[in-house]
Amino acid sequence: MDARLQEKLDALPTEPGVYLMKDRRGQIIYVGKAINLRNRVRSYFTRTGDTRVFVSMLDSILEDIETVLVHNEKEALLLENELIKKHKPRFNVLLKDDKQFISLRLDRTQDYPRLEVVRKYERDGARYFGPYSSAGAIRETLRLINRYFRLRTCTDHVMANSKRPCLLYQIGRCPAPCVYPVPPEEYRRSVDEVVLFLEGKASELVDGIKGRMKSAASELKFEEAARLRDQLLAIERSLERQKVATTDFKDQDVFALYRQGDRIMFYVLWVRQGRLNGGQAFPFGSQEFPDEELLPSFVNLYYDQGSFVPEEVLLPLEPESLEGLEALLSERKGAKVRVMVPKRGEKHELVLMAAKNAEQAFIERKRSKDETDAALSKLQQKLNLRNYPRRMECFDISHFQGSSIVASQVAVTDGEADKSRYRRFKIKTLEKQDDFASMYEVLSRRLKRGLEEKDLPDLLVIDGGKGQLASAHAAMKDLGVEKVDVVGLAKSRDQEVFDRDEESARSPERVFVLGRKDPIILPQNSAEMFMLTRMRDEAHRFAITYQAKDLRKSRIRSALEDIPGVGEVRRKTLLRHFGSLKRVQEATIEDLAEVVGPSVAERVHAALHGHPEEDEADPIREASLADAGAAVDEKSSEGGSPAGSA
C-alpha cells in the first residue's frame with residue numbers, strides 16, 4: 001500500500017457514514033456503510049489469513065477511498081442504497097427493477113372493488129396480497145375467486161362505458177354492477193369473503209358460508225344452497241394445500257443466503273398470516289465482501305423495489321446496522337416492523353427452511369450454469385467464432401404490408417435474457433419494404449452507439465439468410481467493427497417435393513457465417529441450437545409487439561384527424577393536455593370539454609368510443625374469461641345452453 005493511501009486510512013473519521021472505493025481509472029468499485037468508518041475500512045487491510053480474492057486485490061486495484069458522513073445508521077442505509085443504484089459498482093449486490101413480484105391489489109374504497117394484478121406496493125390505502133411465486137399461482141387463485149366470489153373483473157374504464165352485461169354475467173360469474181343496480185351491501189359481503197380467503201382465515205370464512213348455505217336451504221332456495229356448497233368445498237380444498245408455518249399468524253419475510261467463494265445465493269421465503277406463500281431466489285457473482293455487509297444491503301435494495309414490507313423480517317445473522325434497518329423498514333411500511341435473528345423456536349425453523357432453499361437454488365443454478373457454459377462453448381466451436389459468445393444480440397425486421405417498418409434488438413448474457421439491453425427501432429431512411437437496407441440501417445445505428453459507449457456484444461445474430469448477413473457485414477465494415485462475430489439464422493422452410501406420393505418435409509434451421517458458401521446445420525435438438533432459435537423467436541415477438549403498439553397509436557391519431565371540428569391545433573392541444581393518445585381515449589366527455597368545449601368533446605368521445613374495446617390485456621379478466629369459456633363448454637356438453645343465450 002502506498003503512503004498516500006495509508007495516510008488517508010489513518011485520517012478516516014470514526015462517525016457513521018458511507019465509503020466509496022475507487023480503482024485507478026476513478027471508477028467506483030464498491031459502496032459500503034459503517035457505524036465506524038475508520039474501523040470498517042481499515043479492517044480490509046489488517047485481516048490475516050483472509051483468502052478472499054477481492055481482499056488480496058485491493059492493493060493492486062484500489063486507488064482512492066471517499067467517505068460521506070451521516071448522522072445515524074438509517075441515513076447510512078438510505079445513502080448506500082442511492083449510491084449503489086446510481087453507480088452500479090461491480091463488487092456490490094445489484095438488484096434489477098424487473099417487476100418480478102406479482103401481487104393482488106384490492107381497493108375497498110370503491111363502490112364495487114375489483115382485484116388487480118400489480119407489481120408494486122404503494123401506500124394508497126388499498127389492501128395488497130402476495131407476493132405470488134409465479135404467474136401460474138396467481139392465475140389459479142384468480143380462477144377460484146372469479147368462479148365462487150363473483151367480483152367484477154372489468155377495468156374501471158370498461159365498467160363506466162358498458163351498455164350491456166358480458167359473458168361472465170350470463171353464466172353467473174359476475175353480478176354486472178356495470179349495468180344493474182347491485183345492492184352495495186351484497187357486493188361488500190363478497191369483498192369481505194375474498195379478503196378472508198386471501199388472508200387464509202379458513203374458520204371464519206367457512207363458518208360464514210355454512211351459515212348462509214343452511215339459511216338458503218331452510219328458505220327452499222336450493223340452487224343458491226348448492227352454489228354455496230360448491231364454493232365451500234373449493235375453498236376448503238384450496239386452504240388445505242396451504243402449509244401452516246407459524247402459530248402467531250403474522251406476515252413475515254424470511255431471508256437466508258448460501259455461498260461458495262464469490263458466488264452467493266440469497267433466498268426470500270414469504271409467510272403470510274402464518275402460511276407459506278412461496279419464495280424467490282436471487283443469485284449473484286463476484287461478491288467478495290462479508291455476509292454481514294452484503295445481507296443488509298440486499299434487504300435494503302429488495303424493499304426499495306416496492307416489495308411488500310411485512311410485520312416481521314427474519315435474518316440468518318445479525319448485521320451491524322440492525323436498528324437502522326428496522327427503523328428504515330418501519331418508515332417504509334408506516335407501522336412498526338421487527339427485524340429479528342431468531343435462535344430457536346418456530347422462527348428459527350423458518351430461517352433453516354429458507355437456508356435449505358437457498359442451498360438448493362444455488363446447486364440448481366450451478367448445474368444450469370455449467371450446462372449453459374457447455375452450450376456456449378459448443379456454439380463457439382461449431383460456428384468457428386473468434387469470441388466466446390457470452391453477450392449475444394439478435395436483430396429482426398418487421399413490417400405491415402410493406403409499411404410501418406420497425407426492428408427489434410434482444411440481448412442474451414450468459415444464456416439468459418438481458419432485458420435492460422432490449423431496444424426497438426423505427427426505420428428512418430426507408431418508406432417501402434427493403435429488408436436488406438433496413439438491416440443495414442439498424443446495425444449501423446446500433447454499432448455506432450456501441451463504439452461511442454464502448455459497449456459491443458461478442459456475437460450478432462441476424463434473423464435471415466445470406467442477404468441480411470451481407471447487409472450486417474457491410475454496416476460493420478463501414479464503421480470499422482472487426483472484433484465482433486456475426487451470423488445469420490434462417491428459418492426452416494418447406495422443401496420442394498417432385499413426387500406426389502412423397503410427403504412434404506421441412507428443411508432444418510440453418511446458420512450462415514461469413515466466408516462460407518453453404519450454411520452450417522447444427523443438431524436441431526441441441527442446446528446451442530435451442531439457444532439461437534429462442535433468441536430469434538424473442539426478437540420476432542418483440543418486433544411484432546412494438547409494431548402492433550405503433551399501429552394502434554396511428555389508428556387513434558387518424559381517428560382524431562378525421563373528426564369534424566378537430567384540426568391540427570386541437571389535436572395537438574388534446575395530446576399536450578392529456579399527455580398521450582391512450583389518455584385521450586380514456587378521458588370522459590367532461591374532461592374533454594375542459595380542453596375543446598362541450599360540442600367538440602362529444603364528437604371526440606363518440607368517435608373514439610363508437611365501438612368500446614377492452615383496455616390492454618388484463619390477467620384477471622383473461623383468467624375469468626378463460627374459465628367462463630370452460631364453463632360454457634361444460635354446459636354445452638350437458639346438452640344445455642348458457643343463461644340468456646336463447
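**Reading strands, cores and a surface patch**

Four bridges join strand β4 to strand β6 (residues 127-132), and the two run antiparallel. Keep in mind that this is a predicted model.

Me: Let's stay with β4 then. Which other strand does β4 pair with, and in what direction do they run?

Reply: That would be β5 (residues 115-118), again through four bridges and again antiparallel. To follow the pairing residue by residue, look at who stands opposite whom. Arg 105 faces Glu 116 in β5, and Leu 106 faces Arg 127 in β6.

Me: Now for the interior. What should I look for in a nonpolar core?

Reply: The general idea is that in soluble globular proteins, nonpolar side chains tend to be buried together. Here the largest nonpolar core has 51 residues, and Tyr 19, Met 21, Phe 255, Phe 266, Phe 298 and Leu 315 have the most contacts inside it. Helix α11 (residues 291-304) gives the most to this core, with seven residues. Apart from that core lies another, of 32 residues, including Leu 115, Phe 129, Leu 205 and Leu 228.

Me: Say I click on Phe 255. Which residues does it touch, leaving out those up to four places away in sequence?

Reply: Among them are Leu 295, Phe 298, Val 299, Tyr 302 and Tyr 303. Phe 255 also touches Val 313, Leu 314, Leu 315 and Pro 316, as well as Val 351.

Me: And the outside? Which residues form a nonpolar patch on the surface?

Reply: Tyr 169, Val 179 and Tyr 180 do, with about 230 Å² of accessible area together. Tyr 180 sits in the loop between α7 (167-170) and α8 (184-199).

Me: Why does Tyr 180 count as partly exposed?

Reply: Because its relative accessibility is 37%, and partly exposed covers the range between the buried limit of 20% and the exposed limit of 50%.

Me: Can you zoom out? What are the overall numbers?

Reply: The protein has 21 helices and 18 strands, and 47% of its 646 residues count as buried. Its accessible surface comes to about 33600 Å², with 48% of that belonging to carbon and sulfur atoms. For contacts between residues at least 6 apart in sequence, 64% join residues at least 24 apart.

Terms used
Residues are numbered from 1 along each chain as its sequence is written. This is a predicted model: local features need pLDDT of at least 70, side-chain atom pairs count only at pLDDT 80 or more; totals for chains, interfaces and linings use all residues. Side-chain values use heavy atoms; hydrogens and water are left out. Patches are made of residues with over 30% relative accessible area and no salt bridge: like charges are joined within 9 Å, nonpolar side chains (Val, Leu, Ile, Met, Phe, Trp, Tyr) within 5 Å. Accessible areas come from the Shrake-Rupley method with a 1.4 Å probe; for residues, only the protein chains shown count as cover. A salt bridge is a side-chain nitrogen of Lys or Arg within 4 Å of a carboxyl oxygen of Asp or Glu. Buried means under 20% relative accessible area, exposed over 50%, partly exposed in between (1.4 Å probe, protein chains only). A nonpolar core is a set of buried Ala, Val, Leu, Ile, Met, Phe, Trp, Tyr and Cys residues joined through side-chain atoms within 4.5 Å. Contact means heavy atoms within 4.5 Å. Two strands pair if DSSP finds at least two bridges between them.
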